[in-house]
Amino acid sequence: MIDLCTLGTGGSIPMPARALASLYVRCDGHALLVDCGEGTQMQIMKLGWGFRCIEAVLLTHFHADHVSGLPGFLLAQAKANRDQPLDLYGPPGLAHVVSSLRVIAPQLPYEVRCHDLAMEPSPIRVCGLDITAFPLRHSIPCLGYDFRLPRLPRFDPDAARHLQIPVRYWGQLQRGESVEVDGRRVEACLVQGEARTGLHFLYATDTRPSGNIREFGQGADLMILEGMYGDPEKANLAHKNHHMLFREAAECARDAGAGRLLLTHYSTSMEDPEIFLEETRHIFPPTDCALDLSQATLQFDRAPVLNLRPLIPPVIPVES
Ligand SMILES: [Zn+2]
Ligand SMILES: [Zn+2]
């Protein structure tokens, strides 16, 4: 199962009720962030899913609305008694950006490791997820991220019986582990049946429409794409500023055959993005507008469940 939360849905500058870009991804007790706009630490506190379980931050690019929350986030991790290394991923030049931001957060009780990603499709594995970073079309180098949670093939009990493997070993084999039975080694692949589909979602903001979005997003359960402008009359602006219209994001999701589309990264010129939803749904009906702290759950063999306006309990202050 994968839980997602759009911590902030604003682009460029924040609004009183709209924080800047960040996505919280939680999978089997592990977590990561995509982007860390200003105020991300506050949004994590409101959400209540915790700091220390966040093992990595994947940055899309180095515009302020995506990275300026990093020093505060790193300090909040220290406050949460983090002692394990934290991995940061991003476009080339990451180490320079991070060291510059860390001038104001120099001493941390844990290691921060920077991993530059090339501006070409690059596979990484974080939190048990197979992730591919891929280049987008923005004014500076910018990466999208495609996430897949693989699923083991179905367990074949007949094959296990045929190989005379006692039932007490079946659990390990079902988890894909090999076992030792009376001195003989049995590999999990010997008792695996038909392949099963895993989970798949894609995150891409700050870009013009791109073939990479359509290609990597093929058949995704969920796409989270930027909808910088809802008004089709802003097409020239979208082009000039290297962003997408709602309509263009919907076309990407439709062409990729995605299951659902969640829009985010809104211009401050749009007070209520939902007024543009109806016409966007003419292009791709399962489209929704994310709000700050909207949540999505992806589960095997089920359609994604969206909770756009979850009830968030009040923040309990952290003692210093
Ligand atoms: Zn942005
Ligand atoms: Zn940008």
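This is a predicted model: local features need pLDDT of at least 70, side-chain atom pairs count only at pLDDT 80 or more; totals for chains, interfaces and linings use all residues.

Author: The protein chain has ten helices and 17 strands. Its radius of gyration is 21 Å, close to the 20 Å that the globule rule gives for 320 residues, so the chain is as compact as a globular protein of that length. Along the principal axes, its C-alpha atoms fill a box of roughly 70 × 50 × 40 Å. Take the contacts between residues at least 6 apart in sequence: 65% of them join residues at least 24 apart.

Now for the close look, at strand S13, which covers residues 222-226. How many of the five residues of S13 are buried? Five of the five. In a regular strand, side chains alternate between the two faces of the sheet. In S13, Leu222, Ile224 and Glu226 are on one side, Met223 and Leu225 are on the other, and all of them are buried, leaving both faces covered.

Next, the strands beside it. Strand S12 (residues 199-204) pairs with S13 in the parallel sense, over four bridges. Alanine 204 stands opposite leucine 225 of S13. S12 and S13 also belong, together with helix H7, to a right-handed β-α-β unit. S14 runs parallel to S13 too, and five bridges join the two. Here methionine 223 has leucine 261, in S14, as its bridge partner. Leucine 261 also stands opposite threonine 287 in S15, and S14 and S15 pair in the parallel sense over three bridges.

Seven strands form an open sheet, in the order S7-S8-S9-S12-S13-S14-S15, with mixed pairing. S7 and S15 are the edge strands, each pairing on one side only. From one strand to the next, the twist averages 20 degrees. Helix H9 packs on this sheet, touching S13, S14 and S15, and the direction of H9 makes about 155 degrees with that of S13.

H9 deserves a look of its own. This helix spans residues 246-256 and is mostly covered, with eight of its eleven residues buried. The buried ones are Phe246, Arg247, Glu248, Ala249, Ala250, Cys252, Ala253 and Ala256. They pack against strands S13, S14 and S15, and against helices H7 and H10 as well. Just after H9 comes glycine 257, with a positive phi of about 70 degrees.

So what does methionine 223 touch, not counting residues up to four places away in sequence? The list is Phe201, Leu202, Gly217, Ala253, Ala256, Ala258 and Leu261. Ala253 and Ala256 are two of the buried residues of H9. Methionine 223 turns up again in the largest nonpolar core, which has 78 residues: those with the most contacts inside it are Leu32, Met223, Leu225, Ala253 and Leu261. H9 supplies the largest share of this core, six residues.

For a contrast, go to S7, one of the two edge strands of the sheet. Arginine 125 is found there, in residues 122-126. Is arginine 125 buried or exposed? Exposed, because it has 8 other C-beta atoms within 10 Å, and a residue counts as exposed with 12 or fewer. Leaving aside neighbours within four places in sequence, arginine 125 is in contact with Asp130 and Ile131. Arginine 125 and phenylalanine 147 are 22 residues apart in sequence, and 9.4 Å apart from C-alpha to C-alpha.

Two loops are worth a visit before you go. Most residues other than glycine have a negative phi. Aspartate 35, though not a glycine, has a positive phi of about 70 degrees. You'll find aspartate 35 in the loop between strand S3 (30-34) and helix H1 (40-47). Aspartate 182 also has a positive phi, near 45 degrees, and lies in the loop between strands S10 (179-181) and S11 (184-186). As for their surroundings, aspartate 35 counts as buried because it has 28 C-beta neighbours inside 10 Å, whereas aspartate 182, with 7, counts as exposed.

Methods: Residues are numbered from 1 along each chain as its sequence is written. Chains are lettered from A and ligands numbered from 1 in the order in which they are written. A residue is buried if 20 or more other C-beta atoms lie within 10 Å of its own, exposed if 12 or fewer, and partly exposed in between; C-beta atoms are placed from the backbone. Two residues are in contact if their C-beta atoms, placed from the backbone, lie within 7 Å. Two strands pair if DSSP finds at least two bridges between them. A crossover is right-handed if, with the strands pointing away from the viewer, the path from the first strand over the helix to the second runs clockwise. Axes are lines fitted to C-alpha atoms, for helices over the stretch in contact, and angles run from 0 to 180 degrees between N-to-C directions. A nonpolar core is a set of buried Ala, Val, Leu, Ile, Met, Phe, Trp, Tyr and Cys residues joined through C-beta atoms within 7 Å. The radius of gyration is taken over C-alpha atoms; the globule rule is 2.2 Å times the number of residues to the power 0.38.
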